[in-house]
Amino acid sequence: MYSSMRDNDEYLYRFRAYELEISPEEIIEFIDKNHRGAGKEYKSLTRDLLAYIPDDHEYKGELKVFYKLCFEDSTSSLRINNIDFKLAEILYNEMRKSEMTAFFVCTAGNIFSDLSKRFTAEGDYLKAYIIDIAGNIAVTATATMIHRKITEEAGRIGMRTTNYYCPGNCGWNINEQQKVFEMLSGHYSGVMLSEVNLMYPVKSISAIVGIGKHVSFRENTCELCHNIKCPYRNKSHQEGK
Amino acid sequence: MNDLIKKIFKCVEMGKINLTSPYPPDMKDQDGADELTRQALDNGIHPSDILDSAMIPAMEVVGNKFSRNEIFVPQMLMSAKAMSAAMEHIKPFFKSGEAKRKGVFIIGTVEGDLHDIGKNLVAMMIEGAGWEVIDLGVDVKTEQFISTINEYPGSLIGLSALITTTMENMKKTVNEVKSKYPETRVLIGGAPVTDDFRKKIGASFYSPDPQGAVNYLNSGLQV
Ligand code: B12
């Protein structure tokens with residue numbers, strides 16, 4: 001990690017499960033929380049399943065910082081290096097005070113989805129479901145950890161960060177994912193973008209983070225948005241159902 | 001009701017797969033859906049009786065409990081697994097014609113979307129209701145749906161979408177299917193989908209949960 005953030009700085013992250021604190025307990029707690037106590041019964045199964053993931057499995061991500069931001073209030077767009085991001089109003093307002101931005105992509109790799117597919121083919125639906133959830137928790141934990149690292153780094157130069165926002169969140173069209181990838185110019189930690197803008201491995205997340213003295217982090221991003229009919233209102237990305 | 005039929009019913013409802021399965025804990029060391037279905041067939045019980053009086057109605061109970069939030073995804077998956085353990089014994093009778101499936105249901109997550117947990121649950125419950133399910137997976141293009149309908153004339157379609165922008169692709173698929181096969185029933189679902197949206201795009205049915213789709217399929221397909 002560099003001592004201070006400069007324009008076009010690139011960061012490469014590699015984490016192990018213990019650093020991300022992805023333990024059977026956390027997965028059980030997640031299932032419990034979302035399924036009213038149904039997780040505890042499957043404690044030993046969850047433990048057995050996580051044993052399929054080698055201890056040295058790497059959770060990877062890459063991030064790049066940009067300084068030259070050009071905000072266009074009339075269209076709610078942000079231009080960086082001739083790439084025009086149509087952020088939609090809510091996200092634009094969140095980013096507006098940024099002095100720099102970071103883009104990142106991160107992944108938990110193929111292992112979780114591959115295992116899930118295998119269990120499904122064997123008719124072991126519960127195993128398939130638990131390992132799939134473990135993959136979701138793992139990639140979300142990776143994104144959260146990258147966000148934490150960049151927040152620490154920003155703190156060193158007296159700045160703060162916004163939340164990380166993914167294409168598809170807060171009215172930001174998912175097709176803009178292509179532009180996020182363009183910003184990262186080839187440094188994707190092995191993640192590929194399909195022609196319909198889906199990332200493979202599936203357990204991957206791409207995002208933007210605003211950095212500046214006057215930006216803020218939100219505990220609840222839904223309160224920014226006026227779409228009270230949104231089916232996803234107050235359901236965080238990690239929560240599921 | 002025959003005792004074995006009753007027991008198979010209970011195993012599927014509670015998700016007791018086989019003798020060695022530790023779930024649910026209060027049925028430990030008892031035969032599961034696997035052994036009991038074998039025993040029922042060996043005792044001369046007709047495979048379609050096992051299907052119609054035990055397996056399918058048990059899955060219906062499970063689907064309804066899930067709709068009422070009385071059980072959650074893990075329990076539903078255990079029941080689906082118990083159902084499929086029993087189904088292994090019934091399958092040969094589909095080939096011989098002694099047992100029949102209700103029809104073919106083709107399901108997939110629409111193009112541009114790869115959220116599949118919900119779609120998988122719907123597929124499982126519809127299979128549990130006695131239908132043959134062809135799961136095309138995720139990021140499924142309209143052409144794939146069309147060519148599969150071609151392969152299975154008279155089939156029904158289920159589309160899932162979790163991203164608001166991919167709901168547009170749902171519209172495209174519904175349009176194409178309806179123009180090539182006007183008779184084909186298209187069911188849609190996924191967290192952002194609503195019944196208003198269904199009306200707008202001309203799909204046949206919307207359900208917020210798997211059991212709603214099962215009930216619709218079983219109702220003789222009236223809208
Ligand atoms: C789990 C999840 C993921 C997992 C995917 C896991 C998987 N195998 O599917 C991961 C972490 C990988 C992921 C990634 C992404 N995700 Co995501 N994800 C979710 C999450 C948290 C839960 C979805 C889920 O599984 N729910 C549980 C199931 C059981 O519910 P369900 O799908 O609704 O299904 C039920 C019903 O709807 C119904 N049903 C479903 N289908 C059908 C079909 C028929 C015919 C019928 C009748 C019924 C029916 O029955 C089911 C059972 O009751 C949602 C948020 C949420 N709360 O929904 C976001 C969410 C869908 N994701 C979102 C986004 C944007 C993404 C990304 C594009 C973000 C990014 N840029 O990085 C990426 C794409 C990744 C890629 N590879 O390209 C957004 C979509 C926003 C929008 N505007 O629409 C959401 C809403 C999160 C958010 N708040 O921003 N995601």
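**Two chains and their interface**

Between them, chain B and chain A bury about 2400 Å², and 67% of this area lies on carbon and sulfur atoms. The model is a predicted one, and every value discussed here is to be read with that in mind. The size of an interface is often given in this way, as the accessible area lost when the parts come together. In terms of residues, 23 of chain B are in contact with 25 of chain A.

Across this interface the rule finds 1 salt bridge, in which the side chains of A:Asp124 and B:Lys81 meet at 2.9 Å, N to O. The elements that give two or more residues to the side of chain B that touches chain A are helix H4 (73-96) and helix H5 (117-128) of chain B. Of these, H4(B) gives the most, with 8 residues.

Which residues is B:Pro47 in contact with, leaving aside its neighbours within four places in sequence? They are B:Leu41, B:Ile90, B:Phe93, B:Glu98 and B:Ala99. For B:Phe93, the separation from B:Pro47 is 46 residues in sequence, while the C-alpha to C-alpha distance in space is 7.1 Å.

Helix H9 of chain B, residues 210-218, is mostly covered, with 7 of its 9 residues buried. The buried residues of H9(B) are B:Pro210, B:Gln211, B:Gly212, B:Ala213, B:Val214, B:Tyr216 and B:Leu217. After H9(B) comes B:Gly220, which has a positive phi, near 85°.

In chain A, the loop between strand E7 (160-165) and helix H7 (177-183) holds A:Glu176, a residue that counts as buried because its relative accessibility is 7%. Apart from neighbours within four places in sequence, A:Glu176 is in contact with A:Asp84, A:Phe85 and A:Lys86.

The cysteines can be taken next. Over all chains the structure holds 0 disulfides. A:Cys106 is buried, at 0% relative accessibility, whereas A:Cys170, at 22%, counts as partly exposed.

The backbone also has features that deserve a check, given that most residues other than glycine have a negative phi, and most peptide bonds are trans. A cis peptide bond, with omega about -5°, joins A:Tyr200 and A:Pro201, and A:Pro201 has its place in the loop between strand E9 (199-200) and strand E10 (204-212) of chain A. In chain B, B:Tyr23 and B:Pro24 are likewise joined by a cis peptide bond, with omega about -15°, and B:Pro24 is found in the loop between helix H1 (3-14) and helix H2 (33-42).

As for phi, A:Ala88 has a positive value near 70° although the residue is not a glycine; A:Ala88 lies in the loop between strand E5 (83-86) and helix H4 (89-95) of chain A and is partly exposed, with a relative accessible area of 26%. B:Asn69, also not a glycine, has a positive phi of about 60°. B:Asn69 is found in the loop between H3 and H4 of chain B, and at 43% relative accessibility B:Asn69 counts as partly exposed.

Technical notes
Residues numbered from 1 in each chain as written. Chains lettered and ligands numbered in written order. Predicted model: local features only at pLDDT ≥ 70, side-chain atom pairs only at ≥ 80, totals over all residues. Heavy atoms only, no water. Contact = heavy atoms within 4.5 Å. Buried area = accessible area lost by both parts, 1.4 Å probe. Salt bridge = Lys/Arg side-chain N within 4 Å of Asp/Glu carboxyl O. Helix = DSSP H or I, 4+ residues; strand = E, 2+ residues; numbered from the N terminus. Disulfide = S-S within 2.5 Å. Buried < 20%, exposed > 50% of the residue type's maximum accessible area, 1.4 Å probe, protein only.
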